[in-house]
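Biologist: Hi, could you walk me through this complex? I'd like to go over how the chains meet.

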Amino acid sequence: MDFLSLLSFLTFFLIVASVYSVACLGLNMQWGFTGLFNVGVVGFFAIGAYASAILTGPDYPDTLLGGFGLPVIVGFAGAVIAAGLAGLLVGFVTLRLREDFLAISTFGIAISIQLVALNFSRLTRGPDGLYSLPKPFSGVSTSVLVDNLFYLAICAVSIGVVYWGLERMVRSPWGRVLRAIREDETAALALGKNVFRYRLQAFVVGCAVMGLSGALYANFVGFISPQDFIPIFTFQVFIMLIVGGSGNNLGAILGGVVVWALWSGSGALIAGILPPTIQTQAASVRIVLIGLGLVLMLLYRPAGILREKRIVSQEARLPDGVAGGRAAGPGD
Amino acid sequence: MPGGNILEVRNVVSGYVPTLPILNGVSLDVKVGEIVTLLGPNGAGKSTLIKAIAGILKVWSGTAHFLGRDLTKFETHDLVREGLGYVPQTENVFAKLSVEENLEIGCLVNRKEYPRQRERIFELFPDLARQRSLAAGKLSGGQRQMLAVGRALMANPKLLMLDEPSAGLSPKLAQVVFSQLLKVRDAGVTILMVEQNARAALQISDRGYILAEGREHLQGDAASLLDNPEVGELFLGAKSRLAKTGLGAKSHLAKTGPGKS
Amino acid sequence: MMQFVLNGLVLASTIALGAVGLSMTYNILRFANFAHGEVIAIGAYFSLAVVTLIGAGVGSIGPIAFGWPLLVSLPISIFVTSMIILLVDALVFRQLRNKNATRITLIMAAFGLSLMGRSLITLFAGGDPKYYEFSIRKVFELFPGAKIGPDELAVMGIAASAFIGLYFYLSRTIMGKSMRAVAENPVLARINGIDTRQVIRWTWIIGTAFATVGGTFLGHIEQLRPEMGFDLLLLMFAALILGGAGNLYGTVLGAILVGLIDSMSVAIGLSAYRAAVVFMVIMLILLVRPQGLLGEKA
């Protein structure tokens with residue numbers, strides 16, 4: 001492989017990894033810092049992608065909305081707002097529920113969003129998808145590599161801005177309240193904190209970031225359809241966060257890159273090892289391996305690569321993975 | 001073996017959260033046929049000790065022997081078969097199960113005896129017999145406490161441990177529960193209980209222990225404890241409320257200091 | 001109108017058969033098992049394997065288009081699937097329980113196992129739909145304007161008798177009572193000498209048995225696909241939440257309602273959105289009654 005093709009491969013790889021890393025940062029706000037188990041990551045990712053696609057895309061003959069052709073930056077902003085609003089609506093209904101009900105309902109919402117993407121063709125063109133989405137700076141040069149390098153820069157800036165913003169948030173008094181809620185909801189309630197409002201705020205911020213991730217994806221690949229938004233995406237982002245280290249923003253970014261490298265690497269590896277006749281099964285083998293990886297990770301390294309920085313005092317916390325005096329569980 | 005120790009606890013250290021022990025090396029003996037009461041301020045480790053004996057909490061160090069056998073080697077669900085009964089302070093009945101079902105669960109280790117044992121308990125607590133098909137959650141506080149004790153007696157325990165059997169009951173009902181416990185003891189069951197209601201508990205007890213800071217602080221026969229001015233000040237007299245809120249505990253600990261043992 | 005009620009009840013039977021296991025793991029093992037859909041699918045595929053091995057088709061009983069081969073395959077596939085589930089419990093869930101893992105960790109592990117399960121089915125059986133036997137099934141008019149097949153009626157009957165059996169199991173046998181005891185208060189259960197490991201084992205086995213029966217008949221009425229259970233998962237969760245999560249009978253009632261809402265959404269022309277409609281209705285109900293229909297306040 002010559003230098004140029006290596007460089008274009010690397011650029012492409014890093015752009016996709018950045019998309020995941022941004023989604024992972026959003027999830028970290030919800031799960032890592034606030035303990036909200038959102039199984040519907042892909043739904044908010046999809047909303048961001050479609051919002052940006054509709055705002056920046058060309059005029060399709062068969063849709064209600066479209067043809068705005070707005071600058072990509074407006075598309076990104078629209079994605080953030082749309083996903084944030086969706087998060088507000090969803091959070092308002094579900095965040096009062098018990099933690100595992102929240103998991104079930106966000107799972108249901110992601111499926112509902114996918115159904116809308118698939119069936120509401122006056123908006124999304126259904127399975128045909130939205131195409132010809134603009135990529136910023138794509139007219140500057142004739143080389144795809146240069147285009148992609150520009151796009152990678154945009155991704156890097158996005159990650160930087162999101163990282164900076166989230167770090168400021170979690171280090172503020174507001175962020176301390178979030179972690180207090182995650183560690184001990186009753187105590188936070190006793191201190192007079194409106195737990196629901198803090199949770200809702202954290203949920204909305206996380207969803208908005210996931211929306212940005214979707215927009216980054218849509219304007220990079222230039223074509224989106226419901227097939228891009230299946231539950232496995234949520235699963236991938238969770239693995240990335242767990243591997244990187246839940247509760248650590250650098251870990252979230254790192255987890256995105258590392259797991260995407262493993263994911264795409266294992267795909268190439270399996271394609272190389274398996275005989276061509278059963279290549280169709282490669283995708284399944286890969287999912288089995290990744291699922292196995294997650295389970296092993298949960299069993300043996302639940303704290304991830306980068307552990308959470310102990311901002312909360314050490315003594316107040318239990319060892320990693322301990323649920324809290326759960327002597328009541330049916331353990332064996 | 002009358003007079004022998006049914007329970008021997010030596011230097012037990014245990015607690016809920018790693019690195020934060022509640023029990024700091026407590027020792028205690030219970031002889032066959034006795035009623036022994038554990039007293040002490042909140043946080044002294046009374047309930048913790050019972051939970052550690054029952055295997056709900058792990059014993060970090062020290063030993064606990066029941067009829068000469070090492071309790072720490074058993075799983076909680078084996079203890080009832082060994083003859084150790086335990087009535088927790090709260091949530092001590094299965095609220096969604098009927099009175100009879102609760103008793104049947106209590107008799108799990110000895111299912112052939114169930115009909116006979118059930119009638120024995122119904123004789124001891126006639127109230128329960130009248131409510132046998134009712135869900136336990138619908139019983140009154142006193143009846144619930146009786147069911148909890150009755151449930152524990154179903155397995156014919158040799159030692160019955162009770163965590164505040166009179167908690168939440170009116171003084172009158174508490175007296176009823178205590179007099180039933182006397183009957184239980186007379187039927188041959190040794191009793192170890194935690195109580196806040198010190199005077200009433202000591203009146204039916206043979207001996208008592210006063211726990212502080214996770215260790216035994218004072219012990220003696222019930223009569224001498226009732227007469228002991230320190231005990232009187234802390235648990236029996238006008239300051240008993242302070243003791244309950246923990247204020248009494250502080251003054252008490254300040255007086256004895258950590259060097260004592 | 002009656003037609004949609006009938007369709008809804010047929011769907012409700014499969015949802016309820018599946019949701020029993022979900023409800024039991026939720027109450028006794030205390031987590032939402034996102035891998036339960038795959039238990040259903042694996043059970044259905046093992047039935048297919050046994051039916052194929054027997055090689056006598058699925059037989060028939062009177063007008064019903066399944067007979068002894070399918071019925072004989074059920075206990076075998078229940079046994080095999082249960083063994084697999086118990087192995088997974090020993091390798092994964094028990095380890096996590098021993099480490100006092102949070103509910104969410106258990107859910108995540110289940111989520112991972114769910115993906116693995118579907119992929120493994122695709123690997124071993126292929127991703128395309130499978131059938132126990134190709135046959136054109138009879139349909140007759142049960143009410144004026146409302147048609148149903150004898151197979152569907154048989155499935156409803158089997159589901160109903162399974163629930164009656166379960167009711168007696170839970171209220172009459174000592175293991176059933178022990179399960180209810182562990183569901184309510186595991187510590188008190190252990191104090192009384194209940195071996196929670198044993199209870200957990202039977203919880204998996206019964207949940208798997210119901211799932212296998214549900215999956216097999218779903219496969220018979222419709223088809224077998226690796227995603228057949230996963231697609232049912234949201235509806236089963238909806239039934240669980242709707243009924244009040246701590247209540248097995250509530251779950252069955254929830255399943256009936258979910259089945260009816262589902263077929264109604266088809267009736268009003270929203271068939272493409274049916275899962276979403278069911279889900280939105282549940283969310284609205286939860287806004288008013290956060291504890292579900294038969295649930296107790298937390």
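Modeller: Happy to; here is a chat about two interfaces and one of the chains.

Modeller: This is a predicted model, where local features need pLDDT of at least 70, side-chain atom pairs count only at pLDDT 80 or more, and totals for chains, interfaces and linings use all residues. Residues are numbered from 1 along each chain as its sequence is written, chains are lettered from A and ligands numbered from 1 in the order in which they are written, and side-chain values use heavy atoms, leaving out hydrogens and water.

Biologist: Thanks! How many residues of chain A are in contact with chain C?

Modeller: 49 residues of chain A are in contact with 54 residues of chain C, contact meaning heavy atoms within 4.5 Å.

Biologist: And what area do chain A and chain C bury between them?

Modeller: About 4,600 Å², with 75% of it on carbon and sulfur atoms. Buried area is the accessible area (1.4 Å probe) that two parts lose on being put together, summed over both.

Biologist: Which helices of chain A supply at least two residues each to that side?

Modeller: They are α3 (72-94), α4 (99-119), α10 (232-244) and α12 (282-300) of chain A; helices are DSSP runs of H or I, at least four residues, numbered from the N terminus. α4(A) gives the most, with 14 residues. By class, the side of chain A that touches chain C has 33 nonpolar, 11 polar and 5 charged residues.

Biologist: How many salt bridges are there across that interface?

Modeller: The rule finds 0 between chain A and chain C, where a salt bridge needs a side-chain nitrogen of Lys or Arg within 4 Å of a carboxyl oxygen of Asp or Glu.

Biologist: Switching over, what about chain B and chain C?

Modeller: There, 21 residues of chain B are in contact with 20 residues of chain C. The buried area is about 2,000 Å², and carbon and sulfur atoms give 59% of that. H77(B), F94(B) and K96(B) lose the most area in chain B, together 31% of what that side buries.

Biologist: What is the salt bridge count between chain B and chain C?

Modeller: The count is 3. One of them joins E104(B) and K177(C), whose closest N and O atoms are 2.5 Å apart. On the side of chain B that touches chain C, α3(B) has the largest share, 4 residues, and the classes are 10 nonpolar, 4 polar and 7 charged.

Biologist: Last one: how much of chain B is buried?

Modeller: Buried residues, those under 20% relative accessible area with a 1.4 Å probe and protein chains only, make up 53% of its 261 residues.

Technical notes:
Nonpolar A, V, L, I, M, F, W, Y, C, P; charged D, E, K, R; others polar. Buried < 20%, exposed > 50% of the residue type's maximum accessible area, 1.4 Å probe, protein only.
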